[in-house]
Amino acid sequence: MTDLNERYMARLAFWLRAGGADGARTISILSDVRTHLGDSGESPYEAFGPPRLYAKEFSAGSPWSWSRRAAGVVALAALVTACFSAADDVAYLRTQRPLWWGAPQWAVVATTVVLLLLGWRALMYFTGRPITSLAVDSVDAQREWKLRGARRRNVSLGLFVLVVVASGAWGAQLGHAYVESPKLRVTPYVYSLTGVVANSSDTAVSVRTVIYLNAGGPWTSLNEAALSSGQDPSALQASSLQGFGSLAEALRVAHNHTWSLSQDELSGFTLHYGSYYVLTWSGAIYSGLVNQPPPSQENLVLTYDVAGVGLKTLRIPLSVNSNG
Amino acid sequence: MPKESWPTEWLKGILPLCVLSIVVEGETYGYAIAQALEREGIPNVKGGTLYPLLNRLEQERLVETRWAAGPSGPGRKLYAPTKQGRLWFEENAERWLEFAHSTTALLRRNTKGNKT
């Protein structure tokens, strides 16, 4: 049996099944095709015509095929609808935007169902194997048919379990990301400069680094920035934020250490996921007592507000050189 | 050069009887039927025509099938007439011969070389 014949019979088997032929009938029809091709040496297309059309010759009388197919499509549509609703909910929670640009749900579900069915058919069509290639008689063929049925069931069940587990894991990950996100992060590149403030025991601190959100989510805005060991409220505090579309661009700017600050832009600044912000901040560590050296480990603590979640903080460790 | 096929619409009516006529002679299989038809002057009956026809005859219980193990490997399907099939064949073959007789007489009257 040549490759062409095998392929032809696989496709014929596919179309016979699609037309509602049961196992025994499919085996019987394929058996004739196989022996005929073996005897005559003809090309299958020449002898029988295209498999789809040949299968049509036998399609009369398939009582349960349509109801069964309809049930399958309804079940698939229900599954897709459930998945879509869940995904849409998660998407809305995360980004405050509906999935698929707000396309009507029925359209998305219908498209998905059609694509899945076409995909399944294509898979069956191109990977199908004829069932009677090795059968010796009808009993043998029936046994092979049953075996294939069991195998197909097992594969389908396995795929189903895989999909359930995978979507469960995906859902859990999304849920986790929602609960945890958005989080403000800082890049490892933190530039800090310290110096003595004239006519005071305060230590001036300047910081330049890049911060960003790790995930999209509810409205997020910066609240305040403070040094962890307390800062001098009377000292000048100024800050600026500059957003960039890429981390590389933001880092390039952050590496430039000449800047001038005149006002405090940080409070109430709205952060967007996908942007990288060059944060420039300057303030002073309040020494209070003249002889108390500034602490060697200092943090700049950013407080930010995630709508519906509450206040969160980001600690940016600074290296402070005590040179006072 | 293969012999020219008969028009499809002619074959449609007579092919079931011709096939049954061959099956009635003894249990046989699909390709052998096609070859027998060819020998009897009905060439080029494709598998795509023959097997659906046999399938219909089987569904009408005019022929029955059984599987026979091939000399090597996969088995083949053999077709044999049922009792009902033999009766149907005899009845309809008689009628067709009558029909053919009438049509032959009619056509012959006006065919070149036969005009009186």
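What pLDDT does chain B average, and what share of its residues score at least 70? The average is 87, and 90% of the residues in chain B reach at least 70. Keep in mind that this is a predicted model. For the complex, the predictor gives an ipTM of 0.85 and a pTM of 0.54.

**Confidence along chain B**
- Strand 1 of chain B (residues 63-68) is where confidence is lowest, with a mean of 87.
- Helix 4 of chain B (residues 83-109) is where confidence is highest, at 93.

**Chain A overall**
- Chain A has eight helices and eight strands.
- It runs to 324 residues, and 25% of them are buried.
- Take the contacts in chain A with a separation of 6 or more: 75% of them link residues 24 or more positions apart.

**The sheet in chain A**
- Four strands of chain A make an open sheet, and going across it you meet them in the order 1-2-6-4, with antiparallel pairing.
- Strand 1 (184-196) and strand 4 (238-244) of chain A sit at the edges; each has a single partner strand, so one side of each has no neighbour in the sheet.
- From one strand to the next, the twist averages 15°.
- Strand 4 of chain A pairs with strand 6 of chain A (residues 276-285) through seven bridges, in the antiparallel sense.
- To find that pairing on screen, look for G243(A), whose bridge partner in strand 6 of chain A is Y277(A).

**Helices 1 and 2 of chain B**
- The axes of helix 1 (residues 8-24) and helix 2 (residues 30-39) of chain B come within 10 Å and cross at roughly 110°.
- On the helix 1 side, the contact is made by C18(B), V19(B) and I22(B).
- On the helix 2 side, I33(B), A36(B) and L37(B) make the contact.

**Helix 4 of chain B**
- Is helix 4 of chain B largely in the open or largely buried? Of its 27 residues, the number buried is two, so helix 4 of chain B lies largely in the open.

Methods: Residues are numbered from 1 along each chain as its sequence is written. Chains are lettered from A and ligands numbered from 1 in the order in which they are written. This is a predicted model: local features need pLDDT of at least 70, side-chain atom pairs count only at pLDDT 80 or more; totals for chains, interfaces and linings use all residues. pLDDT is the predictor's confidence in each residue, from 0 to 100. A residue is buried if 20 or more other C-beta atoms lie within 10 Å of its own, exposed if 12 or fewer, and partly exposed in between; C-beta atoms are placed from the backbone. Two residues are in contact if their C-beta atoms, placed from the backbone, lie within 7 Å. Two strands pair if DSSP finds at least two bridges between them. Axes are lines fitted to C-alpha atoms, for helices over the stretch in contact, and angles run from 0 to 180 degrees between N-to-C directions.
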